[in-house]
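Here is a short report on one protein chain. It moves from the whole chain to a single residue.

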Amino acid sequence: MKCLVTGGNVRVLGKAAHSLSRIGDELYLEPLENGHYQAARPPQAQPPRCKVLMKECESLQAIFDPAQCPNLLRAPARVLVEAVAPFSPALSEVTLGVSPGRRVVFRSYLEEDTDATKAMMTEMSLNEEEFQQLEAQEGASITFCLKEFRGLLSFAESANLPLNIHFDVPGRPAIFTIEDSLLDGHFVLATLSEPDLCSQEPSRPGQGAHSTMHLDDFANDDIDSYMIAMETTVCEGAAVAPCTPSPLSEEEEAEPSVVPGTPPLKKFRSLFFGSVLAPTEPPCEPNPVLAEDSDGEG
Amino acid sequence: MRFRAKIVDLGCLNHFTRVSNTISKLAKTCTLRLSPDKLYFILSDKVANGGVSMWCELGQGNFFDEFQMEGVAADHNEIYLELTPENLSRALKTAQNAKTVKIKLTNKHCPCLTVAVELPSLSSSSRIVTHDIPVGVIPRKLWTDFREPTVPDFDVSIYLPVLKTMKSVVERMKNISNHVVIEANLKGEMNLKIETDLVCITTHFKDLGNPLWASEDASQDRDSENMAEARIDIKKLLQFLAGQQVNPTKALCNIVHNRIVHFILLHEDVSLQYFIPALS
């Protein structure tokens, strides 16, 4: 195989390789017809692919079809980088979902063998307006590997492109795509499945009003955190930029196959649907919107 | 038991963050005591700590714009929590540009200190980062373990040299020896000494000044040149010095000969006491 990569494509190829290096140890470079090359990680538990078009041509056949995913989020890569910044670098997995109230929420995922009474939980919640597109039902969520997500995010950020997140139900792979005239990147990550209903954990004590510490008034504090969000605040800077028109990869023929080597079923902790996302009881009284002076904040 | 507090001012937030960072460098776990006027970070002198103890006291009004608490009972209007201070520091680290930070006691999957940070965003509503830090509620019958330490009956009290200088000296000494002798007299002189089979090194500090304590029997008849000394674990001394992020308004230590070294750091609104026992 002998090829020549010219001009700005060298940098694109370098960044693709850098990004893939954060996902796996080996790179699989496959020459295709019409002088395209496809860079991918060898099929293992999570086979992402990054297609780097070295010549203009028709798009390649994808194994994983974003168009078949009912849920889509699109945001500038920078917003997503900032969204995951509060999470510890040691955290393995993160849960992404849409809460009642249409906020987009990232939450740390506690692995099975972690002691919940010792581990700190972090959650980041953003207004849907920060997203160029949000087509997802409230309550939809997936859990995936944070380290790999950070890897593909840094690639998208360096290319200054928005990232599309296509996802389906937990257990089905999530497809992260970026596109411009030079490149077309599809990253596929496996997501954790939901447990059987019978193995689901019992509802946690203290979620409702019956807490041993009599924190009744504070049970509404989680609602309170959303009340902060609804306060009128001063916005510096422009409104969200209009989305770059970037057609999703359309030419899918093949049925998306079962993801080879999907990780074994893991219990999906109902922690994510704790008091924040799906309050087990409605607030005792309608909370007033705290309409402070828009000048008064910050 | 209820607790909720809010910080709006960025200067107050930075200050509180620095205190939290210092505490997290001094103790892996500690007790957070909440009262209507003050917060305390306490480490009691258990064997597990090597006999080291710490008492850090903050006036809540200097940090929080809102502060409400209700203790375990009307006549015991306080809350004692066991906390990993590093978690608090990590949570506050995400609040660098925050508009507000709320801290409250909640009951999620277990008792937690929930830190809710409101961050600016380009949209019409803020981003919210929420951290749930698990804490242990300490029952009232154990509160006596965490009483304020009394100032020991010291032999010498002396102001410390510039902490940064002291730290860099001790850092180098740590590579040579596990123990250091700290000695001082009432003439404002302090020495740090290490000794091995091969070498003895002494660093001399002069003209430090001796604080005047109100107590009558402050060693008046002590020969002012006489040194009081204590041999202490060098890592514990370094841990104390390395944890300091800001120059205190006042820094002094009290030495009880061959028994204990008691450090006192005073800032405008925070005081920190640290006790390191002498080795036999």
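## Conventions

This is a predicted model: local features need pLDDT of at least 70, side-chain atom pairs count only at pLDDT 80 or more, and totals for chains, interfaces and linings use all residues. Residues are numbered from 1 along each chain as its sequence is written, chains are lettered from A and ligands numbered from 1 in the order in which they are written, and side-chain values use heavy atoms, with hydrogens and water left out.

## Chain B overall

Chain B has four helices and 18 strands. Both are DSSP runs, numbered from the N terminus: helices are H or I with at least four residues, strands are E with at least two. The radius of gyration, taken over C-alpha atoms, is 21 Å for chain B, close to the 19 Å of the globule rule for 280 residues, so the chain is as compact as a globular protein of that length. That rule is 2.2 Å times the number of residues to the power 0.38. The C-alpha atoms fill a box of roughly 65 × 45 × 30 Å along the principal axes.

Of the 280 residues, 55% count as buried, meaning under 20% relative accessible area (1.4 Å probe, protein chains only). Contact means heavy atoms within 4.5 Å. Among contacts in chain B with a separation of 6 or more, 64% come from residues 24 or more positions apart.

## The nine-stranded sheet

An open sheet in chain B runs β10-β6-β2-β3-β4-β18-β17-β16-β11, with antiparallel pairing. The edges are β10 (136-137) and β11 (156-159); each has a single partner strand, so one side of each lacks a neighbour in the sheet. Pairing requires at least two DSSP bridges between two strands.

Strands β2 (residues 30-34) and β3 (residues 38-43) of chain B are antiparallel and joined by four bridges. B:Leu34 has B:Leu39 in β3(B) as its bridge partner.

## Helix α1

Helix α1 of chain B covers residues 10-26. Its 17 residues should span 24 Å at 1.5 Å a residue, which agrees with the 25 Å between its end C-alpha atoms. The expected span is 1.5 Å times one less than the number of residues. Buried residues of α1(B) include B:Leu13, B:Phe16, B:Val19 and B:Ile23.

B:Asp9 caps the N-terminal end of α1(B). One of its side-chain oxygens lies 3.1 Å from the backbone nitrogen of B:Gly11.

## B:Ile182

B:Ile182 sits in strand β12 (residues 179-184) of chain B. B:Ile182 is buried, at 0% relative accessible area. Beyond its neighbours within four places in sequence, its contacts include B:Met166, B:Leu192, B:Ile232 and B:Phe263.

Key. Buried < 20%, exposed > 50% of the residue type's maximum accessible area, 1.4 Å probe, protein only. Polar contact = N/O pair within 3.5 Å; in protein donor to acceptor, adjacent residues only side chain to side chain.
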